[in-house]
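I opened the model to look up a few points and kept notes as I went.

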Amino acid sequence: MYVDTHLHLDEPWLTDSEKRQRVIEDIAANKILTFAQSCDLASYEKTVEWAGQSKYVIPSFGILPWYADQYMDRLDEVAKLCETAIMLGEIGLDLASSRNEATKEEQLALLDVFVKASKTHDMILNLHFRGGIEPEGFEVLKRSGVKRAIFHWYSGTLELMDEINEAGFYYSIGQTNLSRRRPEQREEITQMIRKIPDDRLLLEIDVLPRDADALPSIIFPRILEDVAEIKGMSVVDVEALNQKNVRELIGDSPRVSEISDLLKPS
Ligand SMILES: [Zn+2]
């Protein structure tokens, strides 16, 4: 069974509403359990609405760090929405993005609301840490005592991974596009993926390629092949491993009991 722990159904990554509809139908027809990320309040509302079309689309509530400045006087409202969400993300810290308008302090204040909710309600957190701030993001998580945290497309150093692995957090890996990378980048990505403990590896599509035929049921098997090659495993084993790890990530988290029912043992 395919389980995609991080997908965007909305703008700015998926703007074509016709394609979005095909994507949702593809997810439903192929029973691809999908954690649909949101980027702000409006995006979350839409994602919840789209999730109504298939039980395989699970809406996740998040606000990207770039927009943190817009929410400084609305943190109570954000905290309230966390109370009713099934899972949290995409959230995090990012000082390197060209989209960035928020300061680090604003990003930390926003992240704090989500981390507290995750701790209180034992919820899954889908995390975006970029631009050298990975160690600080990790410290926030470690201090808070959250358990179900996912480093979405990890971009920090291999050294920091020792500590993250020790803490037992998860990593989600997606389209590596290795053939299009520079050799040193290819090497970095390969080493990073190999350093992820087998029981902490999750898979994600994140952003679908733009062409009309790039549906989850087409892209996900390519990710399986890629990761299988890097890890020296079979495609079948990687698929089963991802499924098993998602089941463990969910564990007895109270908000996601319905998802567990969808994850039949392979
Ligand atoms: Zn994302």
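In what sense do strand 6 and strand 7 pair, and over how many bridges? I found strand 6 (residues 149-152) and strand 7 (residues 170-173) paired in the parallel sense over three bridges. Strands here are DSSP runs (E, at least two residues), helices likewise (H or I, at least four), numbered from the N terminus; two strands pair if DSSP finds at least two bridges between them. I noted Tyr 170 in strand 7 as the bridge partner of Ile 150.

Before going on I noted that the model is predicted, with local features needing pLDDT of at least 70, side-chain atom pairs counting only at pLDDT 80 or more, and totals for chains, interfaces and linings using all residues. Residues are numbered from 1 along each chain as its sequence is written, and side-chain values use heavy atoms, without hydrogens and water.

I read an open sheet of eight strands, ordered 1-2-3-4-5-6-7-8, with parallel pairing. Strand 1 and strand 8 are at the edges with a single partner strand each, so one side of each lacks a neighbour in the sheet.

Then the metal site. The zinc ion is coordinated by His 6 (NE2), His 8 (NE2), Glu 90 (OE) and Asp 206 (OD), at 2.0 to 2.7 Å. Donors are N, O and S atoms within 2.8 Å of the metal (3.2 Å for Na, K and Ca); water is not among the atoms, so sites may look incomplete. I logged the spacing of the donors along the chain as H-x1-H-x81-E-x115-D. His 8 lies in strand 1 (residues 3-8) and Asp 206 in the loop between strand 8 (201-203) and helix 8 (216-231), 198 residues apart.
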